[in-house]
Amino acid sequence: MYALEINHLEKIYGNNLHALKGIDLQVNEGDFFALLGPNGAGKSTLIGIISSLVTKSSGQIKIFGHDTDIDLNKGKSCLGIVPQEVNFSFWESCMEIVLNQAGYYGIPRKIAYERAEKYFTQLGIWDKRNDRSRTLSGGLKRRLMIARALMHEPKLLILDEPTAGVDVELRRSMWKFLLDINQNGTTIVLTTHYLEEAENLCRNIAIIDKGNIIEDTSMKNLLGRLSTYTYILELTEACHILPSLREFQLHQIDPMSIEVEVHRDQNLNDLFKDLSEENIQICNIRNKSNRLEELFIRLLDNKDDMHHG
Amino acid sequence: MGSKRILIAFYTIVFKEVSRFLRIWGQTILPPAVSMTLYFIIFGSLIGPRIGRMDGFVYMEFIAPGLIMMSVINNSYSNVVASFFGAKFQRHIEEMLVAPIPDTIILAGYVIGGVARGLIVGIVVTLVAMFFTKLQIHNYFIVISVVMLTAVLFSLGGFINAVYARTFDDISIVPTFVLTPLIYLGGIFYSIELLPDFWEGVSRINPILYMVNAFRYGILGVSDIDITFAFAIILMFIIILTIFALTLLKKGTRIKS
């Protein structure tokens, strides 16, 4: 059984905006799944429809086998949502917010309190439990929304850009937390603009653009398609005129750094050897962007420099 | 969701609603007490003796039931309209909409919240009235049932207003331009028998007239209209507004995209 199964899902808004154009998608139980796409691609519409906050025009959604047209409430019981925008009452305390959320799912208050203590502690917001939500920083609000979504211990957790605007340290701690709950059996679907995040966390990936799924595969398979890697080489001495190498194309960034594209069939040792022969010494090397980011941009630009292996 | 879980969800909404208006009691409970005190002083103590008796009662006694009912109507309506629109505005209504709560429970939770505020304010205003006049209950059953049903009816009205509202202006238009005129022309300050035949007939179209008179009958034992008919009118409006509100929730009108 799939944790999430979407068939021919279509959404046309009142202003004739065709946000989703008959998409199909399956997420396996226990998966950590990335849903990527540029702004306006249809990610939030898709999540809105899954969570029943947006009405679909046609198509079918099943959450752990529960067709949302037939058994919406059973589907909702399996689902936890962390939305992109803050959507809790600013006048309530953090504890009130999560206890109320648990109450909406019919969870007795005693159990709800125990869960609140557990998730607040794990997410590092226990000492903020009695603070009004409006007094929290952006990062704390994100953590509160994650705790709220977990109060009914959903089997499927969907997070819409959970680390947007969150500092690096907090982002890393949230990654660890999400990996832990995924390892404990929760299926996770994540949308993010930090492609490093998707690459580090997710096993499978779908890319949505202009209402269509343009890629749906495993992360390993997708990254394996990257035929060229772009590196930035930092030089020990300034180089004003770049030599012409037989196998590699160099691009000058500034006198102290150059950019080079290396096909995956090529060897970095050959590059260093060629550069050494030209008396160019390298003191540092780094990727221009992370691998997924490079693929993502190429996919969206519809470039042909990938081969589908 | 089993019946126990549904009950917990219902309690949660009611608890949240009641906590909300009690937390801001200075905005929800106190103002009606102050304004009703002024009504009793001005219309009851100062002007009332010059008006004389109405339907056989001193003017203060005559207007007290209507003023209590006015507080119940205003507060049950404004509680739900403000709370539900606030939840829409801050988007925390989504907390409920993503949860497996039946629409009937969401509606019932908000309505009971409105009824609770209407009743608490009604009790406060009754206590204020007792400083100015002697209130003797003619029929407890009628008093309690009319006040409860009226609070339910106007909570439903507030809910529907909140569903349609897009701005804060939208939640004040109906109370200002519809509710207030209907309340003032609903026989709170006068018996409709004083009106010319034409205006008496027009007054009978106003549903609030039936609630005020039924409540007045429960307290004083006098009414301009038939009590059974008044109950039928109130129940009919409750049924219509309940069906309408549930239809709006089911369709997600102005709640879902």
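The legends below describe close-up views of a predicted model. Local features require pLDDT of at least 70 and side-chain atom pairs count only at pLDDT 80 or more, while totals for chains, interfaces and linings use all residues. Residues are numbered from 1 along each chain as its sequence is written, and chains are lettered from A and ligands numbered from 1 in the order in which they are written.

**View 1. Overall build of chain A.** Chain A holds 10 helices and 14 strands; these are DSSP runs numbered from the N terminus, with helices (H or I) of at least four residues and strands (E) of at least two. Along the principal axes, its C-alpha atoms fill a box of roughly 75 × 45 × 35 Å. Of the 309 residues in chain A, 39% are buried (20 or more other C-beta atoms within 10 Å of the residue's own, with C-beta atoms placed from the backbone). Among contacts in chain A with a separation of 6 or more, 68% join residues 24 or more positions apart; a contact means C-beta atoms, placed from the backbone, within 7 Å.

**View 2. The two domains of chain A.** An automatic or database domain assignment gives domain 1 (2-223) and domain 2 (228-301) in chain A. Their C-alpha centres lie 39 Å apart. Where the two meet, domain 1 contributes 12 residues and domain 2 contributes 8 residues. On the domain 1 side, two or more residues each come from helix H7 (195-201), strand E9 (204-209), strand E10 (212-218) and helix H8 (219-224) of chain A. H7(A) gives the largest share of that side, 4 residues. This side of domain 1 has 8 nonpolar, no polar and 4 charged residues, where nonpolar covers Ala, Val, Leu, Ile, Met, Phe, Trp, Tyr, Cys and Pro, charged covers Asp, Glu, Lys and Arg, and polar covers the others, Gly among them.

View 3. Strand E3 (residues 32-36) of chain A runs parallel to E9(A), and 4 bridges join the two. Opposite Phe33(A) stands Asn204(A) in E9(A).

**View 4. The contact between chains A and B.** Chain A supplies 25 residues to this contact and chain B supplies 22 residues. Helix H2 (72-77) and helix H3 (94-104) of chain A each provide at least two residues of the chain A side, and H3(A) has the largest share, 4 residues. The chain A side consists of 11 nonpolar, 12 polar and 2 charged residues.

**View 5. Nonpolar cores.** A nonpolar core is a set of buried Ala, Val, Leu, Ile, Met, Phe, Trp, Tyr and Cys residues joined through C-beta atoms within 7 Å. In the largest, of 146 residues, Leu190(A), Leu67(B) and Phe159(B) touch the most other members. Helix H4 (residues 59-89) of chain B gives the largest share of this core, 18 residues.

Technical notes. A residue is buried if 20 or more other C-beta atoms lie within 10 Å of its own, exposed if 12 or fewer, and partly exposed in between; C-beta atoms are placed from the backbone. Two strands pair if DSSP finds at least two bridges between them.
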